[in-house]
Amino acid sequence: MASHRRPKQPSRTRVTVLTTAAAAAVALSANAANAAPSEKLSKDEVKAKVDKLYEQAEQATEKYNGAKEKQQKLQKEISTIQDNVARGQEELNKLRDGLGSLATAQYRSGGIDASVQLFLSSNPDDYLDKASTLDQLSSQQVDALKKIQDKQRELAQERAEATEKLKDLSATRTELGNKKKEVQAKLGEAQRLLNTLTAKEKQQLAEQEQKRAQESQERANRSTGGSERPDLGESVPASGRAQAAFSAAQTRLGSPYVYGATGPSSFDCSGLTSWAYAQAGVSIPRTSEAQSQIGTRITSVSDLKVGDLVFFFNDLHHVGLYAGNGQVLHAPRTGTVVRYESMNTIGGPFMWGVRV
């Protein structure tokens with residue numbers, strides 16, 4: 001006869017857990033249904049946020065450029081020190097060989113005395129500390145030993161300097177990597193925001209940017225013609241080299257802005273100015289902040305001349321070349337190209353100019 005067992009009832013604890021979970025699921029579903037969808041940013045709001053991100057990216061780019069320049073400088077210094085150490089070690093070996101020759105000569109003439117044996121010890125400093133022993137040495141031997149000591153001290157200092165610079169180089173490489181990530185994060189966030197726009201909205205923004213660039217170009221062009229040269233008004237070049245730098249920059253009109261780029265096909269802001277002056281045979285620092293500290297400072301726009309460097313924003317993270325008549329020739333930011341623009345539309349205050 002088949003047994004009929006009563007089904008096992010769920011425990012009180014299990015019932016409580018299941019009931020609580022079900023209630024939570026119902027609550028979450030209700031909240032999700034009642035929650036208002038996140039508001040989509042308008043085209044103008046996206047543009048404002050993207051412009052701010054591009055400005056922050058440019059700030060980080062100048063820091064990145066500074067770290068990169070420091071890295072290159074340290075690498076050259078370390079290489080020079082290492083070459084000096086290698087040459088110094090060769091000189092030291094020759095000095096020791098010369099001292100060994102003296103010992104060989106003494107041996108052939110009657111044996112090596114105790115003083116020469118000390119010469120050949122691994123620590124000649126201990127030997128020189130013993131004045132009584134020095135009295136037993138010939139002037140030639142004393143001179144040879146002192147040269148060895150001097151060279152050893154020199155090599156020790158250079159090796160210590162190289163060690164410190166290697167530590168600095170490691171820290172700089174870390175900083176360089178962090179700044180690169182920061183720039184990429186800002187640009188990535190800007191692109192994410194742009195991707196929330198419709199194709200029509202993206203087209204409208206592109207047209208706005210194109211219109212702004214065209215208006216800037218028209219303001220810069222001569223009023224009597226459509227040339228790409230700006231109306232310089234009463235402005236004249238700061239110098240022959242400033243004119244040469246400005247002329248070189250003019251040949252790059254339309255080149256895209258790329259962070260960290262120094263030409264000749266793409267540039268960031270300080271990359272353009274340093275490249276332009278290099279074409280004129282003048283070496284200037286890589287970053288906008290460093291460029292702002294060279295030459296003669298000019299605080300009034302009315303005193304600027306064509307080819308002067310002009311700096312914007314309180315932290316000096318943007319630089320261009322003065323083009324005359326209140327215009328600047330510069331690489332604005334990501335998404336733009338090298339172009340003329342009114343100094344009043346840069347987006348940040350004019351701080352000062354520098355005549356190289």
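Contact means that heavy atoms lie within 4.5 Å of each other. Helices (H or I, at least four residues) and strands (E, at least two) are DSSP runs, numbered from the N terminus. The model on screen is predicted: local features need pLDDT of at least 70, side-chain atom pairs count only at pLDDT 80 or more, and totals for chains, interfaces and linings use all residues. Residues are numbered from 1 along each chain as its sequence is written, and side-chain values use heavy atoms, with hydrogens and water left out.

**Stop 1: helix α8**

Select residues 240-250, which form α8. Colour Ala-242, Ala-245, Phe-246, Ala-248, Ala-249 and Gln-250, the buried residues of this helix. Buried means under 20% relative accessible area, exposed means over 50%, and partly exposed is in between (1.4 Å probe, protein chains only). What covers the buried residues of α8? The cover includes α9, β3, β4 and β5 (339-342).

**Stop 2**

Move on to Pro-264, in the loop between α8 and α9. Show the backbone here: the peptide bond from Gly-263 to Pro-264 is cis, and its omega is near 5°.

**Stop 3**

Select residues 269-279 for α9. This helix is mostly covered, with 9 of its 11 residues buried. Among the buried ones are Cys-269, Ser-270, Leu-272, Trp-275 and Tyr-277.

Now display both helices. Two packed helices are described by the angle between their axes and the distance between the axes. Axes are lines fitted to C-alpha atoms, for helices over the stretch in contact, and angles run from 0 to 180 degrees between N-to-C directions. For α8 and α9 the angle is about 120° and the axes are 7 Å apart. The two helices are therefore oblique to each other. Angles under 35 degrees count as roughly parallel, over 145 as roughly antiparallel, 65 to 115 as roughly perpendicular, and the rest as oblique. Which residues make the contact? On the α8 side they are Arg-241, Ala-242, Ala-245, Ala-248 and Ala-249, and on the α9 side Leu-272, Trp-275, Ala-276, Tyr-277 and Gln-279.

Past the end of α9, click on Gly-281, which follows the helix and has a positive phi, near 80°.

**Stop 4: Gln-291 in helix α10**

Select α10, residues 288-291, and pick out Gln-291. Is Gln-291 buried or exposed? Its relative accessibility is 0%, so Gln-291 counts as buried. A polar atom of the Gln-291 side chain lies 3.4 Å from the backbone oxygen of Ser-270. A polar contact is a pair of N or O atoms within 3.5 Å; within protein, one must be able to donate a hydrogen and the other to accept it, and residues adjacent in sequence count only if both atoms are side-chain atoms. Leaving aside neighbours within four places in sequence, Gln-291 is in contact with residues including Ser-270, Thr-273, Leu-309, Phe-311, Val-319 and Val-354.

**Stop 5: strand β2**

Select residues 309-312, strand β2. In a regular strand the side chains alternate between the two faces of the sheet. Both faces of β2 are covered: Leu-309 and Phe-311 are buried on one side, Val-310 and Phe-312 on the other.

Two strands pair if DSSP finds at least two bridges between them. β2 pairs with β3 (residues 318-324) in the antiparallel sense over 4 bridges, and Leu-309 has Leu-321 as its bridge partner in β3. β2 also runs antiparallel to β6 (residues 350-355), joined by 4 bridges. There Phe-312 stands opposite Phe-350.

**Stop 6: the turn from β2 to β3**

The hairpin of β2 and β3 has 5 residues between the strands. Click on Phe-313 in this loop. Phe-313 is not a glycine, yet its phi is positive, about 75°. With 11% relative accessibility, Phe-313 counts as buried.

**Stop 7: strand β3 and the turn to β4**

Go back to β3. Because 7 of its 7 residues are buried, β3 is largely enclosed by the rest of the structure. β3 and β4 pair in the antiparallel sense over 3 bridges, and the bridge partner of Leu-321 in β4 is Leu-329.

Finish at Asn-325, in the loop between β3 and β4 (327-330). Their hairpin has 2 residues between the strands, and Asn-325 takes a positive phi near 55°. Asn-325 is partly exposed, at 39% relative accessible area.
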